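Reader: I've got a model open and some labels I'd like to pick apart. Can you walk me through them?

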Amino acid sequence: MEIKPLVLHYEVSGDNFTGAGEASVAMKRELRQMGFDANVIRRAAIAMYEGEINMVIHAEGGVADVNVLPDRIEIVLTDEGPGIADVEQAMQAGFSTAPDNIRALGFGAGMGLPNMKRYSDEMKIETEIGRGTTVRMTVLADSPKNSF
Amino acid sequence: MTIRKIAELLDAEVLCGEEGVDREVKSACGSDMMSDVLAFVKDQAVLLTGLLNPQVIRTAVMMDMQCVVFVRAKVPGEDVLALARSCHLTVLASKERMYTACGKLYEQGLKGGELIGD
């Protein structure tokens with residue numbers, strides 16, 4: 001199936017944790033309709049879902065912009081939250097600054113950023129304390145990670 | 001194993017997605033930590049959990065799972081079930097505790113499957 005380029009934009013509300021992930025579910029539906037391979041869709045959806053959860057937990061929400069091209073899915077998550085003090089530390093599996101109430105909801109185990117890196121083919125984080133964070137991820141249609 | 005068989009083994013009630021109970025599933029996982037499910041689960045069709053919130057359903061959807069089993073007699077709210085319905089997931093509720101529920105299914109041949117990245 002020929003995949004036509006598509007631009008998607010989602011507002012991720014920081015009001016409550018219940019809605020976190022709505023954008024990822026919506027994006028997943030779009031990608032499925034476009035005919036991407038199931039592994040590609042799953043990787044893109046999980047990477048964005050973890051990012052959405054992060055924006056809700058740490059930054060009172062943000063926006064998700066998705067650029068869908070025939071050979072790749074580019075996801076840009078932008079928030080105006082507190083920023084990440086030490087990105088290297090935040091990337092370590094198990095490191096978390098999430099409060100206990102988030103852990104009781106099944107997240108905040110310090111797996112969010114590592115999972116985003118694991119499922120995407122490229123990930124870049126731009127962050128400034130007090131200003132916010134932008135995470136750019138690319139999921140390639142043709143990738144060795146599709147055999148995950 | 002079919003989802004119907006899982007419901008029988010766990011004496012579970014089908015809360016939604018009745019139309020999916022004859023689907024065949026090959027592996028399952030049990031966790032209350034959704035990040036771990038997202039990190040380590042590969043090709044698993046069933047999630048057993050004691051956690052009751054919409055993120056359980058979204059996690060299952062992200063992983064292309066087919067069935068969620070709520071253990072320890074927990075029954076999710078209508079919002080959670082509505083979300084599950086919209087995603088064509090079958091949802092079961094069992095009185096069994098997590099360890100027992102997983103053990104019963106494992107004993108009957110429903111294994112844990114592979115880890116991602118292995």
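**What the labels rest on**

Author: Start with A:V63, which is partly exposed at a relative accessible area of 21%. This is a predicted model, where local features need pLDDT of at least 70, side-chain atom pairs count only at pLDDT 80 or more, and totals for chains, interfaces and linings use all residues. Residues are numbered from 1 along each chain as its sequence is written, chains are lettered from A in the order in which they are written, and side-chain values use heavy atoms, with hydrogens and water left out.

Reader: Why is A:V63 called partly exposed?

Author: Buried means under 20% relative accessible area and exposed over 50%, with partly exposed in between (1.4 Å probe, protein chains only). A:V63 has 21%, so partly exposed is the label.

Reader: Which residues does A:V63 touch, leaving out those up to four places away in sequence?

Author: Among them are A:H9, A:Y10, A:M55 and A:V76. Contact means heavy atoms within 4.5 Å.

Reader: What makes A:R42 and B:D43 a salt bridge?

Author: The rule wants a side-chain nitrogen of Lys or Arg within 4 Å of a carboxyl oxygen of Asp or Glu. Here N to O is 3.8 Å, so the pair qualifies. The count between chain A and chain B is 5 salt bridges.

Reader: How much area is buried between chain A and chain B?

Author: About 2,200 Å², with carbon and sulfur atoms giving 56%. In chain A, A:R42, A:Y49 and A:F148 lose the most area to chain B, together 22% of what that side buries. Buried area is the accessible area (1.4 Å probe) that two parts lose on being put together, summed over both.
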